[in-house]
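Here are my notes on this one, in the order I'd go through them with the model open. Have a look and see whether you read it the same way.

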Amino acid sequence: MSAAHPPAFELADVRHRYGPRTVLSISRLSIRRGETLGVIGPSGAGKSTLLRLLQGLERPSEGTIKLDGASVPYPIPLSLARRITTVFQRPLMLDRSVRDNVLFGLWVRGRKDRAPIGPLLERLGLSHLASAQARQLSGGEIQRVALARAMAIEPDVLLLDEPAANLDPANVERVEAFIRDAQAHGTTIVLVTHNTHEARRLADSTLLLMEGAVVETGPTAAFFESPAEARTRAFLGGELVY
Amino acid sequence: MSLTFQVTGLALLIATALGVPVGALVGLTRFPGRGLVTLVLYTGMGLPPVVVGLVVYMMLSRSGPFGSMDWLFTPSAMVVAQSIIAFPLVAALTMTAVEGVDPDLRQQVRAMGATRWQTGWTVLREARIGLTAAIVAAFGGIISEVGAVMLVGGNIEGQTRVLTTAIVLSTRQGEFALAMALGIVLLLLALGANAVLLQLHGRVR
């Protein structure tokens, strides 16, 4: 990803607390438009909190988040919120068919055209399940429906929280191909994953979060091949057990 | 029988129109005094109908604040009393039903770009089994109710006599067979109405 791309998100002195506990503390972070940022780190590092802040679901306790150069006001205006969507770690299905779940984002936007979702379902291997009750699907299928539901609205920013968890290798491949398509369309992606290989395959740059703080960030190839920080080396070497 | 259905149906409609939004609002939002509102709604579920009848009677009597409306001993007074009895049932059970929907779902719906109203509507839709239960419970509570309608309606033949008050009168007069027959009609009416409600619920599902 070229540095010429303007930043989509800029975080400055962002701290977020739940009660007395600071769960996220980021002095400076820039996510460029069209970039895929891989966020790795142990459980409880603040990865999901970061996504919630970027989605505008929570207001940071301190600091500012800018989107396309302008500070995000709170509550986040609908026009901004609708440019971003999240595929959650535990995606929840509405008590409706797969098709109606995927159409949900279009329904909230008052768009009733059904045309765009056929190819989406096909690419994710869900066509045969279009009329099935979404809640009766397996974890892996639900994960793919959630991805289709998010992409149906063609977001500018896609936040992915462990999108390939619960998937078998064939479907990991399918989902990763799908993410690559989104990248090719210029979607800005923040990919939270436990799987360092996944980050390596998909991310333009990678960030390691630990205990709510950024340990290291940089272009993916350099991040994995020659990490500057001892803690990054220890994490990538599997020495840090949480 | 027709009056029974009209009074109960209209009261249920009013209680649903007011109770579902109030229950959803209390269940989905956090505001100061929410605990007190919840307590009042739960207590309202156990409101003795005869007390409701008494209060409505006092309000609508000549010397009461709404005496000029001249509603006492009319079906309108019966609808008012039954709406008051049904409202907390609908509101409290709606509140419980929406609270039963996974809070994460609300957040995920918002992350799809839904407005507050769209989120509320989606949660209500998800809670539709509980909503049906709320309406069915309220219907059961008021169609079988006798104390309030007797007090504010006066059990006037051809004007405010409904099935329950007719059963009371028949029993008092020793006409047990008629009372029992009316009881069976009441039960069948309840059965039919619940079947329609469940059918509607099935269609929504």
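1. Start with the A/B interface: 17 residues of chain A are in contact with 14 residues of chain B. Keep in mind that this is a predicted model.

2. On the chain A side, three elements each put in at least two residues: helix H2 (78-81), strand S6 (84-87) and helix H3 (98-108). H3(A) gives the largest share, with 3 residues. As for what the side of chain A that touches chain B is made of, I get 10 nonpolar, 4 polar and 3 charged residues.

3. Domain 1 of chain A takes in 1-83 + 156-242, and domain 2 covers 92-154. Their C-alpha centres sit 25 Å apart.

4. Where do those two domains of chain A meet? The contact involves 11 residues of domain 1 and 11 residues of domain 2. On the domain 1 side, helix H6 (residues 169-184) of chain A brings the largest share, 5 residues. That side of domain 1 divides into 6 nonpolar, 2 polar and 3 charged residues.

5. Over in chain B, have a look at helix H1 (residues 2-28) and helix H4 (residues 75-99): their axes come within 6 Å and cross at roughly 35 degrees. The crossing of H1(B) and H4(B) is right-handed. Sorting the residues of this helix contact by class gives 23 nonpolar, 9 polar and 1 charged.

Methods: Residues are numbered from 1 along each chain as its sequence is written. Chains are lettered from A and ligands numbered from 1 in the order in which they are written. This is a predicted model: local features need pLDDT of at least 70, side-chain atom pairs count only at pLDDT 80 or more; totals for chains, interfaces and linings use all residues. Axes are lines fitted to C-alpha atoms, for helices over the stretch in contact, and angles run from 0 to 180 degrees between N-to-C directions. Helices (H or I, at least four residues) and strands (E, at least two) are DSSP runs, numbered from the N terminus. A crossing is left-handed if the near helix is turned anticlockwise from the far one by less than a right angle, and right-handed if clockwise. Ala, Val, Leu, Ile, Met, Phe, Trp, Tyr, Cys and Pro count as nonpolar, Asp, Glu, Lys and Arg as charged, and the others, Gly among them, as polar. Two residues are in contact if their C-beta atoms, placed from the backbone, lie within 7 Å. Domain bounds come from an automatic or database domain assignment.
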